[in-house]
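Subject: A structure for you to explore

Hi there,

Here is the structure I promised to pass on to you. Have a look around it first, then read on for what I found.

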Amino acid sequence: MPELLLDGRPLRVADGTSVAAALALGGDGCARTSVSGQRRAPLCGMGICQECRVSIDGVRRLACQTLCRDGMRVETRP
Amino acid sequence: MSEGRAADVIVIGAGIVGAYCAHALARRGLDVQVLDAGLPGATAAGMGHLLVLDDNPAELALSEYSLQRWRDLAPELPEGCAYRSNGTLWLAENPEELAVAEAKHAVLSARGLACEMLGAQALRETEPELRDDLLGALKVTGDGIIYAPNTARWLLESDPARIRRQRAEVVEIDGNRVRLADGTWLAAQAVLLANGVQAGTLCPELPIVPKKGHLLITDRYPGKVRHTLVELGYVTSAHNATGPSAACNIQPRPTGQLFIGASRQFDSVDPAVEGWMLAKMLGRALHYMPGLGDLNAIRSWTGFRAASPDGLPLVGEHPQRAGVWLAVGHEGLGVTTAPGTADLLVAQLLGETSPLAPQDYSPQRFFGDTAHA
């Protein structure tokens, strides 16, 4: 059961949970804020649409293509 | 509408060239009907790099004049047009390219254009993301960037009383009349062809060929790159090659995203992104900016430049079709040279003195007795 930090708050999830699922479980479901200030959420779930770009340990990743790991820092706000 | 006069001028093509011409004609009090089929072209796909190019005197005159017109227009442009005067850095990797940079510097300086040579150390300080063994760069200060699709839209919306727009495909031109796909005929005093690579479909006699280009955009990395970064090999490898070629062209967007170009292919009209070409293009960019590999790409796409045999556009009256005017064949420089093209076109259409020598861009050069010499 990995525990990650989602926007600074601890969140424990089941093994095999994607970061996209963790966003829905522990946050507002969104991965980032767009240039025009809108919150943006995962859409296709298969690594194509690029909507779920999120900062994981300081690096931009696709939330739907990344599995949660213990100690991971996930940040959806700048 | 059955056959009748649709406007003073019918413009075919709502890309940046057609939009600028429509805008300029409307400012002179003419009623303009703009027809666009929504077919893929260059404006919606390109980088929107505004740059002075000096491959020949006519290209330099047209791009220099047009850059100044963009700078004059800049205060009026809404933020959505994303105009920035961020300058171009022409990167020199070896002594030959450094010599090209210095020659370019001499040509541009002689015309009073703001530019300066950066040595290796100054270049490293200006753009730290670049590889650290480059010999230097030519900085062209007055170059810029613009988001061409929004700018074309803004130009077309600038005068709703005089510019009318219609989504329609023209399937035939007969002098100053055009036939739409639904069979309707529209007539005007003049018909202006400004539809880039599609021009050959309506006028097969025009020497326009498509040059396919790939482009890629990254996620946002604000501040990583400031200037548009172009390898000097661009002048030799991209412009003068006949086979597929790629050159490093990295442009920072106001959002912090990076445009990565540029590729050229002569033999394809297939809009599909081709992995091998994309890889070759990214390889060039990586060669100059090693850290690029750690950034995320979001999308890639293609577009088609309308290239003429001598690299200069065709601006003026069609030599063989009365009533038909041309503003086509801008290749990769249509966004830059749209203002100059519009001024050239309007001056000739209204019989006024042109601000640029019209014969250098006259379509006649491909139709005269010496055209095949």
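Before we start, one term: two residues are in contact if their C-beta atoms, placed from the backbone, lie within 7 Å. Please also keep in mind that this is a predicted model.

**How confident is the predictor?**

Chain A averages a pLDDT of 95, and 100% of its residues score at least 70. Chain B has a mean pLDDT of 94, with 95% of its residues at 70 or more. Within chain A, strand E6 (residues 59-62) has the lowest mean pLDDT of the elements, 92, while strand E7 (residues 73-75) has the highest, 98. For the complex, the predictor gives an ipTM of 0.76 and a pTM of 0.91. A reading tip for any model of this kind: where pLDDT is low, the predicted coordinates should not be read in detail.

**A residue to start with: Val34(B)**

You will find Val34(B) in strand E2 (residues 32-36) of chain B. Which residues does Val34(B) touch, leaving out those up to four places away in sequence? They are Val11(B), Ala14(B), Gly18(B), Ala22(B), Leu156(B), Ile163(B), Arg164(B) and Arg165(B). Is Val34(B) buried or exposed? Val34(B) is buried, because 26 other C-beta atoms lie within 10 Å and 20 or more are enough to count as buried. Now try finding Ala342(B): this residue is 308 places from Val34(B) along the chain, and the two C-alpha atoms are separated by 14 Å.

Helix H1 (residues 16-27) of chain B packs against helix H9 (residues 334-349) of chain B at an angle of about 35°, and their axes are 8 Å apart. The crossing of H1(B) and H9(B) is right-handed. By class, the contact of H1(B) with H9(B) has twelve nonpolar residues, two polar and one charged.

**Domains and chains**

Chain B is assigned two domains: domain 1 (5-44 + 148-208 + 310-366) and domain 2 (88-141 + 210-306). Their C-alpha centres lie 30 Å apart. Where they touch, domain 1 of chain B supplies 13 residues and domain 2 of chain B seven. The domain 1 side of that contact has seven nonpolar, five polar and one charged residue.

Between the chains, the contact takes five residues from chain B and four residues from chain A. On the chain B side, one of these is nonpolar, two are polar and two are charged.

**Some backbone details**

- The peptide bond from Gly261(B) to Ala262(B) is cis, with omega near 0°; Ala262(B) lies in strand E15 (residues 258-264) of chain B.
- Gln50(A) is not a glycine, yet has a positive phi of about 70°. Gln50(A) sits in the loop between strands E4 (39-40) and E5 (53-56) of chain A, and counts as partly exposed because there are 16 C-beta neighbours inside 10 Å.
- Glu331(B), also a residue other than glycine, has a positive phi near 50°. The loop that holds Glu331(B) runs between strand E18 (324-328) and H9 of chain B, and Glu331(B) counts as buried because there are 21 C-beta neighbours inside 10 Å.

Enjoy exploring, and write back with any questions!

Best wishes

Note on methods. Residues are numbered from 1 along each chain as its sequence is written. Chains are lettered from A and ligands numbered from 1 in the order in which they are written. This is a predicted model: local features need pLDDT of at least 70, side-chain atom pairs count only at pLDDT 80 or more; totals for chains, interfaces and linings use all residues. pLDDT is the predictor's confidence in each residue, from 0 to 100. Domain bounds come from an automatic or database domain assignment. Ala, Val, Leu, Ile, Met, Phe, Trp, Tyr, Cys and Pro count as nonpolar, Asp, Glu, Lys and Arg as charged, and the others, Gly among them, as polar. Helices (H or I, at least four residues) and strands (E, at least two) are DSSP runs, numbered from the N terminus. A residue is buried if 20 or more other C-beta atoms lie within 10 Å of its own, exposed if 12 or fewer, and partly exposed in between; C-beta atoms are placed from the backbone. Axes are lines fitted to C-alpha atoms, for helices over the stretch in contact, and angles run from 0 to 180 degrees between N-to-C directions. A crossing is left-handed if the near helix is turned anticlockwise from the far one by less than a right angle, and right-handed if clockwise.
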